[in-house]
Amino acid sequence: MSSAQDPFYIVKEEVQESIDKLQSTFHHWERVPLDNGERAHLTKELLANCESIEWQVDELDKTVAVAAKDPALYGINEVELDKRRRWTSTARAQVGAVKKAVIVGKDNSLSTANGMRRELLRLPDSNLPNRSDHYVSRDNDDFIASESDRQMLLIKRQDEELDELSASVERIGGIGLTIHDELLAQDRIIDDLGTEMEGTSNRLDFVQKKVAMVMKKAGAKGQFMMILFLLILFIILFVLVFLT
């Protein structure tokens, strides 16, 4: 897993940005006069941000503690664990220093606030290690829970898609059986038609042979009389059909 997918470093980067913003707001707060209305607003904002960041750092500490129980499971080593502990400790110290300075500032103790500021400035750079130097870790309980929910949702969607696919296969199978039955019925019809045509052909051959035999026995005069009879019969049928 790349650093961009590491839950610890994803949250760490967000927390670091919040700390940077907190320090910037804190430096602005120090420059605002005590009797200025903006100072009270900034004081509330700083304290609220401190509480939020401390909570996030505590959550990161919990993930480190979870990973420390079985580092091999999460693909990290003791060096990485120690690096993460140092970062959370430094971040907590920075936020704590700001929080103490702001609380003291509320009591109009400017000198104490300046002392806390000097303490803050003596803290090591919280940007270490480099933000681009990230490693794999699945030690965030909340992240694991959200991943589990996401996997369950994905499995549910796959089950629904499989159900739809199964229903489609059943419909196609039903259509195939219907086509098969239709083809069998048409085969039977064709067989019956072939049998009838064969019988008709045999009867026609028999009639033709009988006619030929009669014609042969009748001679030329008989043939003429038969043709005349058929012509008269044709005329009668024509009159009956078309003229009546």
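**View 1. A left-handed helix pair.** The crossing of α2 and α4 is left-handed in this predicted model. Two packed helices are described by the angle between their axes and the distance between the axes. Here helix α2 spans residues 37-69 and helix α4 spans residues 78-106, and the two pack at an angle of about 160 degrees with their axes 9 Å apart. Angles over 145 degrees count as roughly antiparallel, so α2 and α4 are roughly antiparallel to each other. Sorted by class, the contact of α2 with α4 brings in 16 nonpolar residues, along with ten charged and four polar ones.

**View 2. A closer look at A101.** This residue, A101, sits in helix α4. Is A101 buried or exposed? With a relative accessible area of 0%, A101 is buried, because the cut-off for burial is under 20%. Now look across to F26: 75 residues separate F26 from A101 in sequence, yet their C-alpha atoms are 9.0 Å apart in space.

**View 3. The annotated segment at residues 224-243.** An unreviewed UniProt entry places the feature "transmembrane region" at residues 224-243. In the model, this stretch is 95% helix and 0% strand, and 27 Å separates its end C-alpha atoms.

**View 4. Stepping back to the whole chain.** The protein chain has six helices and zero strands, giving the order α-α-α-α-α-α from the N terminus on. Of its 244 residues, 26% are buried. Among contacts between residues at least 6 apart in sequence, 74% join residues at least 24 apart.

Notes
Residues are numbered from 1 along each chain as its sequence is written. This is a predicted model: local features need pLDDT of at least 70, side-chain atom pairs count only at pLDDT 80 or more; totals for chains, interfaces and linings use all residues. Side-chain values use heavy atoms; hydrogens and water are left out. UniProt positions are given in the numbering used here, feature names are shortened, and annotations may be inferred rather than shown by experiment. Helices (H or I, at least four residues) and strands (E, at least two) are DSSP runs, numbered from the N terminus. Axes are lines fitted to C-alpha atoms, for helices over the stretch in contact, and angles run from 0 to 180 degrees between N-to-C directions. Angles under 35 degrees count as roughly parallel, over 145 as roughly antiparallel, 65 to 115 as roughly perpendicular and the rest as oblique. A crossing is left-handed if the near helix is turned anticlockwise from the far one by less than a right angle, and right-handed if clockwise. Ala, Val, Leu, Ile, Met, Phe, Trp, Tyr, Cys and Pro count as nonpolar, Asp, Glu, Lys and Arg as charged, and the others, Gly among them, as polar. Buried means under 20% relative accessible area, exposed over 50%, partly exposed in between (1.4 Å probe, protein chains only). Contact means heavy atoms within 4.5 Å.
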